[in-house]
2 protein chains.
Amino acid sequence: MEISMNILLTSAGRRGYLVEFFKKALGGNGLVHAGNSSPVSPAFYYADRHVVTPLIYDDDYIPFLKRYCKENDIKLIVSLFDVDLMVLAKHREEFAAQGVTVVVSAPEVIDICNDKWNTYVFCRDNGFNVPATYRSLEDVKKALADGTINYPVMIKPRWGMGSIAVFEADNEQELDVFAEKVRRDIFNSYLKYESAVDEASCVLFQEKLCGQEYGLDVIHDLNGTQKLTVVRKKLAMRSGETDCASVVRYPEVEETGTRLGEALGHIGNLDMDVFVVDKVPYVLELNARFGGGYPFSHFAGVDLPKAIVKWIDGEDASEELTIKQYDRIAQKDIRLIDITFDGRD
Amino acid sequence: MEISMNILLTSAGRRGYLVEFFKKALGGNGLVHAGNSSPVSPAFYYADRHVVTPLIYDDDYIPFLKRYCKENDIKLIVSLFDVDLMVLAKHREEFAAQGVTVVVSAPEVIDICNDKWNTYVFCRDNGFNVPATYRSLEDVKKALADGTINYPVMIKPRWGMGSIAVFEADNEQELDVFAEKVRRDIFNSYLKYESAVDEASCVLFQEKLCGQEYGLDVIHDLNGTQKLTVVRKKLAMRSGETDCASVVRYPEVEETGTRLGEALGHIGNLDMDVFVVDKVPYVLELNARFGGGYPFSHFAGVDLPKAIVKWIDGEDASEELTIKQYDRIAQKDIRLIDITFDGRD
């Protein structure tokens, strides 16, 4: 018998489909609430309830969420945004104390994922292949000069998201100019908040990998035990998110994901980018949450939202964590929804 | 009584919603075919029939389409891609001779829209406000030096699409680097085909306008007579396409669109970008086709696909060209569809 449970998705933004997946997972036994700091949030359209929260960096953000959970009998929080993950990770014990499970990893794990320099160091030190990465112009120029790497070089924010402020340099002049530009873009955007940790080296320089890109969902249960690794072949990208993909059988890549997840010890989903160059998998990025590629795994028959609901209820979720169809090509398609904010909440 | 009619949408690509709009417009009295040179085309998913065509620049492209129209009793062709428009425009008489209406403007009109330098000259010479635009580094540097314009300067392909290879320079060093980069990006992409017309000046330099952006549908009937101008306030962009917008009343902007359409004399839809700076409308871009913003007009109650079908049938379409609701905010949302190509055609 299913227990009724209300769920809050924070930083829900554009992820209307996840609201739908969680609603379906509850099957009417509870409500799905969507939270976001902006009232213009497509996810609100799908949610049973929605709430405009304070900004993540606002002092009242966590107190607000705790009050909201009490008032609305929320039992489960799932966050969909990197910056939000860290704030929630640091306070997950307080939520647990009032009976709310936050599906989030430890702050140390979030830090390894959000900080792309830490991602690089973690992967390298744990024996995974990674593109050569540098934190300063001097270091990358030295590596170029001594032939360790060649152009093109990717220049990106160390704490970055999607394709924001990512440039590709084909020569030294571009390298100099883009390094300065990425830095300026960071401090003209909300990326400046996370970058404040280390302003002097908030720009990364990375060897460009040329190969086929894969997206992985490395799925752990709420105790961090490995359950399933899904491998998606990326067929088209748009704004830094997977636009067209196919779930495939690729044991070597799957094994890389599973092994990395075990080294990392995350909770729930780990979205992972892997490039395969000459049959060798390289780890590029980690996000300790549902990523933009998750719907492709869902499309292939995986149902992590349902598994999470079952785990909370103490049930087994093997069926939900089984891939039902491989090699179908799925594409994100466009439809319009009315998101006029009429102040209902 | 409605006449049965089959419709072919060429270069249908991602525009599944337009296939749906045309199917609804036919109401079962005919089939909607979607054509594209790539078999991995989301629009195929929605179409009654689909066909993988030769590449637009292939010698067999037009003969192929003419054969296809005969074999499938196609009466109407609507193209959704700039490069395709020009090829079809040059051959529209041949299609007309075999009883097929191609909803496309004259080649001269397509040229004014596709070539952003011609857009600039056309608008300027017809008394519309335009951002200062230059075809060479020398000219833009002179304009910067004598204070005609200031940084930032936008650098973009003269024959460009969406946000491909568009950069913003904040100083002279960036200007030099991006000028070279845009040129290289053009010749490493399919933009090189149109750019072959004038390789020496295929990069444009444009004053950056800071203001609110609007998207317009300037709608003419199949004889080029003005019927309706829709003004959309753009609230969010993604990959160079409108992601969130609202149809608004804005007489000054509407009048700009209507007047420009009359000067241009296009057929069907003209998608137009306008920036309003200090209450003055500036014309930025023109596309003589359904643009990525059209669904927002449709959402507001306009039904151009139905109007086109009615015009072909010799009927009045005033009702279809009436805006039914203003000021609702609509957002493009994501859903997944299965586009696995199983060789059905």
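Biologist: What should I know about the conventions first?

Modeller: Residues are numbered from 1 along each chain as its sequence is written, and chains are lettered from A in the order in which they are written. The model is predicted, and local features need pLDDT of at least 70, side-chain atom pairs count only at pLDDT 80 or more, and totals for chains, interfaces and linings use all residues, while side-chain values use heavy atoms, with hydrogens and water left out.

Biologist: How many residues are in contact?

Modeller: There are 37 residues of chain B in contact with 37 residues of chain A, where contact means heavy atoms within 4.5 Å.

Biologist: Why do you say that the copies meet through the same surface?

Modeller: Because 100% of the interface residues of chain B are also interface residues in chain A.

Biologist: Which residues does A:Ala330 touch?

Modeller: Leaving out residues up to four places away in sequence, A:Ala330 touches residues of both chains, among them A:Phe296, A:Phe299, B:Leu336 and B:Ile337. A:Ala330 is part of strand S15 (residues 329-338) of chain A. Helices (H or I, at least four residues) and strands (E, at least two) are DSSP runs, numbered from the N terminus.

Biologist: Is A:Ala330 buried or exposed?

Modeller: A:Ala330 is buried, at 1% relative accessibility. Buried means under 20% relative accessible area, exposed over 50%, and partly exposed in between (1.4 Å probe, protein chains only).

Biologist: What about B:Lys181, buried or exposed?

Modeller: B:Lys181 is buried too, with a relative accessible area of 5%. The residue lies in helix H9 (residues 172-187) of chain B, and its contacts beyond four places in sequence include A:Glu168, A:Asp170 and A:Glu174.

Biologist: Changing topic, which domains does chain A have?

Modeller: Chain A is divided into domain 1 (6-104), domain 2 (132-207) and domain 3 (212-331), with bounds from an automatic or database domain assignment. Separately, an unreviewed UniProt entry lists "domain: ATP-grasp" for residues 120-313 of chain A. UniProt positions are given in the numbering used here, feature names are shortened, and annotations may be inferred rather than shown by experiment.

Biologist: How far apart are domain 1 and domain 3 of chain A?

Modeller: Their C-alpha centres lie 22 Å apart. The contact takes 19 residues from domain 1 of chain A and 18 residues from domain 3 of chain A. Together these domains bury about 1,400 Å², with 72% of it on carbon and sulfur atoms. A:Phe21, A:Ala25 and A:Val103 supply 31% of what domain 1 of chain A buries against domain 3 of chain A, more than any other three residues.

Biologist: How many disulfides are there?

Modeller: The search of the whole structure finds 0 disulfides over all chains, a disulfide being a pair of cysteine sulfur atoms within 2.5 Å.

Biologist: Where are the cis peptide bonds you noted?

Modeller: One joins A:Tyr151 and A:Pro152, with omega about 0°, and another joins B:Tyr151 and B:Pro152, also with omega about 0°. A:Tyr151 is in the loop between helix H8 (137-145) and strand S7 (153-157) of chain A, and is partly exposed at 30% relative accessibility.

Conventions: Buried area is the accessible area (1.4 Å probe) that two parts lose on being put together, summed over both.
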